[in-house]
Amino acid sequence: MRLNGEISSGEDEEEKQTGTTTFSAQKVVVGYALTSKKKKSFLQPSFTGLARNKGIYFVAVDLKKPLPEQGPFDIILHKLSGEEWHEIIEDYRQKHPEVTVLDPPDAIQHLHNRQSMLQDVVDLNLSDCHGKVAIPRQLVFTKEKDPSSIPYEVTKAGMKLPLVAKPLVVDGTAKSHELFLAYDEFSLSELEPPLVLQEFVNHGGVLFKIYIVGETIKVVRRFSLPNISKRELSKVAGVFRFPRVSCAAASADDADLDPNIAEHPPRPLLERLARELRHRLGLHLFNIDMIREYGTKDVFYVIDINYFPGYGKMPDYEHVFTDFLLSLMQSKYKKKLTT
């Protein structure tokens with residue numbers, strides 16, 4: 001079996017599989033299909049050690065063998081790209097409903113396109129939840145679009161500069177998380193579709209990463225792009241490339257910031273947003289990148305949603321994730337008793 005990306009093979013299993021696995025026996029086997037990079041950041045010794053103490057054992061899925069011949073698994077965690085894996089895990093999920101697959105591949109696919117990714121936020125009505133949540137105005141340009149037509153389309157749509165340009169497709173590569181900031185409409189023809197253009201919203205240079213693990217919510221502040229003044233906009237021209245903005249090294253949790261900028265979004269708003277998106281997306285594991293419009297207290301914008309993000313950067317992720325996996329088994333066990 002040959003799939004996209006560098007994959008951890010079955011030879012580096014955390015534990016050998018022995019015997020049957022039921023929640024009542026206090027043993028949970030979690031199969032994982034992750035890239036080597038993801039395995040290193042997620043399956044840290046502090047996490048696997050805590051999990052093992054609670055009866056959770058992580059076993060690498062061997063991509064050289066048919067998935068149905070492996071296990072038995074209680075849960076499968078996966079984040080691999082490629083149509084072949086998509087078909088394999090979906091077929092397995094349909095034929096093995098007793099195994100919890102995190103998460104359904106069709107639901108994950110929804111987040112691989114930045115146009116469909118944010119549509120569920122547009123459809124939400126959170127007006128009674130201590131704040132307003134929207135998405136920046138945006139335009140989508142498909143691969144077939146002639147770059148020279150972008151300035152005209154932007155002017156026609158009445159979009160305000162500056163504009164943030166992002167790749168349309170999110171495929172897990174560093175390139176798919178690159179940003180470009182365009183200060184004038186003429187420079188937009190330098191961009192290469194497929195892409196999404198979003199109006200830049202001043203947000204005090206702070207972004208909130210909202211991690212979702214089942215029903216648990218954790219918020220982390222990160223530094224982001226600074227505000228852009230009208231004076232700066234009138235003096236600067238061109239398109240500027242930025243790497244991934246919200247990286248671990250740019251944590252703003254301990255920085256001395258203006259409280260009006262640094263204050264977390266209201267908890268009731270986050271709980272309602274997370275609950276609605278969990279239901280609409282059909283996902284357990286994702287994060288939301290959110291900003292607060294500068295000068296406001298309760299106007300927020302969702303600018304990105306990512307599946308199975310870098311949980312290793314989330315505070316106390318070891319306990320949060322261990323409790324989540326056990327809660328899945330507890331729910332499954334209770335359901336089994338009532339049927």
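This is a predicted model: local features need pLDDT of at least 70, side-chain atom pairs count only at pLDDT 80 or more; totals for chains, interfaces and linings use all residues.
Residues are numbered from 1 along each chain as its sequence is written, and side-chain values use heavy atoms, with hydrogens and water left out.

**View 1**
4 strands make up an open sheet with parallel pairing, in the order β2-β1-β3-β4. Strands are DSSP runs of E with at least two residues; helices are runs of H or I with at least four; both are numbered from the N terminus. Two strands pair if DSSP finds at least two bridges between them. At the edges lie β2 (56-60) and β4 (100-102), each pairing on one side only. From one strand to the next, the twist averages 25°. Helix α11 (residues 317-338) packs on the sheet and touches β1, β2, β3 and β4. Contact means heavy atoms within 4.5 Å. The direction of α11 makes about 145° with that of β4. Axes are lines fitted to C-alpha atoms, for helices over the stretch in contact, and angles run from 0 to 180 degrees between N-to-C directions. Strands β1 (residues 28-34) and β3 (residues 75-79) pair in the parallel sense over 5 bridges. L34 stands opposite K79 in β3.

**View 1. L163 in strand β7.**
L163 sits in strand β7 (residues 163-167). L163 counts as buried, at 0% relative accessibility. Buried means under 20% relative accessible area, exposed over 50%, and partly exposed in between (1.4 Å probe, protein chains only).

**View 2. Helix α7 and its cover.**
Helix α7 (residues 150-157) has I150, P151 and V154 as its buried residues. Down the axis of α7 they fall within an arc of 100°, so they line one face of the helix. The arc is that of the directions from the helix axis to the C-beta atoms. Y152 and K156 are exposed on the other side of α7. The cover over the buried residues includes β6 (138-141), β7 and β9. Just after α7, G158 has a positive phi of about 70°.

In helix α2 (residues 45-53), the buried residues include F47, T48, L50 and A51. The buried residues of α2 line one face, because they fall within an arc of 165° down its axis. P45 and N53 are exposed on the face turned away from the buried side. Among the elements covering the buried residues of α2 are α1 (36-42), β2 and α11. α2 and α11 pack at about 40°, with axes 9 Å apart. Contacts come from S46, F47, L50 and A51 of α2 and from Y317, E318, H319, F321 and T322 of α11. Just after α2, G55 takes a positive phi of about 85°.

**View 3. S187 in its loop.**
S187 lies in the loop between β8 (179-182) and β9 (195-199). S187 is buried, with a relative accessible area of 7%. Not counting residues up to four places away in sequence, S187 touches G238 and V239.
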